[in-house]
Amino acid sequence: MPADLRADAEAFPHLPRRVRIGYGLGSLCTGTFATVPGLILLYYLTNILAVPAAVAGAAVFLPKAWDVLINPLVGAVSDRSRLRGGPRRPFLLVGACTLPPLFALLFAAPPLRGAAAAGYVAVLFLLAATAYAVFQVPYVTMPAEMTEDPAERGRILGWRVGFLGVAILLSGALAPAVAHAGGGSPASYRTMGVAVAVLLAVGMFGAWYTTRWAPAVARSEAEPSLRAQLAAARSHRPFAHLAGMWTLQALAVGVMLAGVQYFATYTLGSPTAVTPLFACLIGPLVLVMPLWNRLSRRWGVKRAQWCASLLFLAGALLLALTPAAGPALGFGSVAVIGVAYAGLQLLPLTMLADTLAADVARTGKRRAATFTGLWTAAETLAFALGAGVFALVLAVTGFRSSDADHRISQPEAALTGITAGMSLLPAVLAAASLWPLHRYRVDDPGAAPPAATHPSPATDPSDPPQEVTRRAD
């Protein structure tokens, strides 16, 4: 081994395997909570609790929009924390103790209908979103503070990415299957809520317990307010363009995610079809992500992102033909979207890592916590807005809400709106994202290029392991 590599190995010792695996367990929470409410909460309101579509959309959107305000606050409080157990782990414990029971209560299906039921769900969802922020914001900051070695951080995040894929696939397939096991009754949704709460608890308590052996070798600090974070983002044009692109694409995915259950029920004719649909969407995630990583090495990450974006756009347009061509085209189109979605999960984070490295080279400041906080807030808001936008489509096209005991037929306009909301609307948003992607340049004037082989310790704490491998090459 060359002398400089031996010196690096001595300077950055490996973390215990239990810390890497245990930290990754936290993604069982982040992947599940990001998936399940977006997938079935809107449908639960309109088709189980008889909440009008517009009211249901507000009940889903407003609590998640609260994350945009609460995330910077949690980050600032965590940064200043001097609690026993470190600045991050006590927050993980608070989140682990509160989010699982709140999630179970969210789907407890109280004997309420209409606006009263919407109020109950909105309050519980707001509390659950707050508990999630208390866990998630410190959680994503921890890898950058456990080690300053990019390769070791890559090993940590390798487990995180693996558990994230498992969480999305497992929760996205399990939750609808359990919810519809009894014909979509309130009791089935209660069972689903408890099952998902157990999955959340396993991941959250696992991450809290095992990171007790993690060292604290660095401390990154976010700007103390959302206004200060936005000011920092405006000073870096590449980040602004990249965040704009990802926000539009996340909104497209959020709209599609909210529409999957409606598409399965009314376009494909079976509520249980949501499970194979979701498997087609998420199944390719683990299989083709290495291919997107290889493509980004060969062609460059921006060109690979173009390919993923255009493939998503093509799949969404094909999906609009399902009513005429039949279910086979619908499943095939969703599989194409799933291949593109794997790229959209990996490549923007890789571009974000390059952008943050450029910011460090330009300013000399460790602002990763600031930019990742904004990135997370934009993503959260986009996914929440996706459900609200799809609910607006339902309301405008005359969708009729009902409870679990009284199924009613939908007008033709509502059926058309469901298909268009699931396909054409995401296609329009994906097309709009191509403009900020075109404008994005990591070497934009005012931003120095990132280091090719020695990324700064301040790079994105959610930087995926594939990027570490790419730079090492």
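What follows is a set of questions and answers about the terms used for this model.

This is a predicted model, where local features need pLDDT of at least 70, side-chain atom pairs count only at pLDDT 80 or more, and totals for chains, interfaces and linings use all residues. Residues are numbered from 1 along each chain as its sequence is written, and side-chain values use heavy atoms, with hydrogens and water left out.

Q: How many helices and strands does the protein have, and what counts as one?
A: There are 19 helices and zero strands. A helix is a DSSP run of H or I with at least four residues, a strand is a run of E with at least two, and the numbering starts at the N terminus.

Q: Why is S433 called buried?
A: Buried means under 20% relative accessible area, exposed means over 50%, and partly exposed is in between (1.4 Å probe, protein chains only). S433 has 0% relative accessibility, so it counts as buried. This residue is in helix α18, and across the protein buried residues make up 56% of the 473 residues.

Q: Which residues does S433 touch, leaving aside its neighbours within four places in sequence?
A: M245, L248 and Q249 are in contact with S433 once those neighbours are set aside; contact means heavy atoms within 4.5 Å.

Q: What is A50: buried, exposed or partly exposed?
A: The relative accessible area of A50 is 24%, which means it is partly exposed. A50 sits in the loop between α3 (27-47) and α4 (53-80), and has a positive phi of about 60° although it is not a glycine.

Q: What makes α5 and α8 roughly antiparallel?
A: Their axes cross at roughly 175° and come within 8 Å. Axes are lines fitted to C-alpha atoms, for helices over the stretch in contact, and angles run from 0 to 180 degrees between N-to-C directions. Angles under 35 degrees count as roughly parallel, over 145 as roughly antiparallel, 65 to 115 as roughly perpendicular, and the rest as oblique. That crossing angle therefore makes α5 roughly antiparallel to α8.

Q: Why are α3 and α10 called oblique?
A: The two axes come within 7 Å and cross at roughly 50°, so α3 and α10 are oblique to each other. The α3 side of the contact includes A34, L42 and Y43, and the α10 side includes L257, Y262 and Y266.

Q: How do α13 and α18 pack?
A: Helix α13 (residues 301-319) and helix α18 (residues 424-439) have axes 8 Å apart, at an angle of about 160°. That makes α13 roughly antiparallel to α18. Among the residues that meet are W306, F312 and L313 in α13, with P426, A430 and L434 in α18.

Q: What makes a nonpolar core, and how many residues has the largest one?
A: A nonpolar core is a set of buried Ala, Val, Leu, Ile, Met, Phe, Trp, Tyr and Cys residues joined through side-chain atoms within 4.5 Å. The largest has 118 residues, and F312 is among those with the most contacts inside it. Helix α10 (residues 237-267) gives the most to this core, with 17 residues. A second, separate core of six residues includes I70, V74, F91 and A133.
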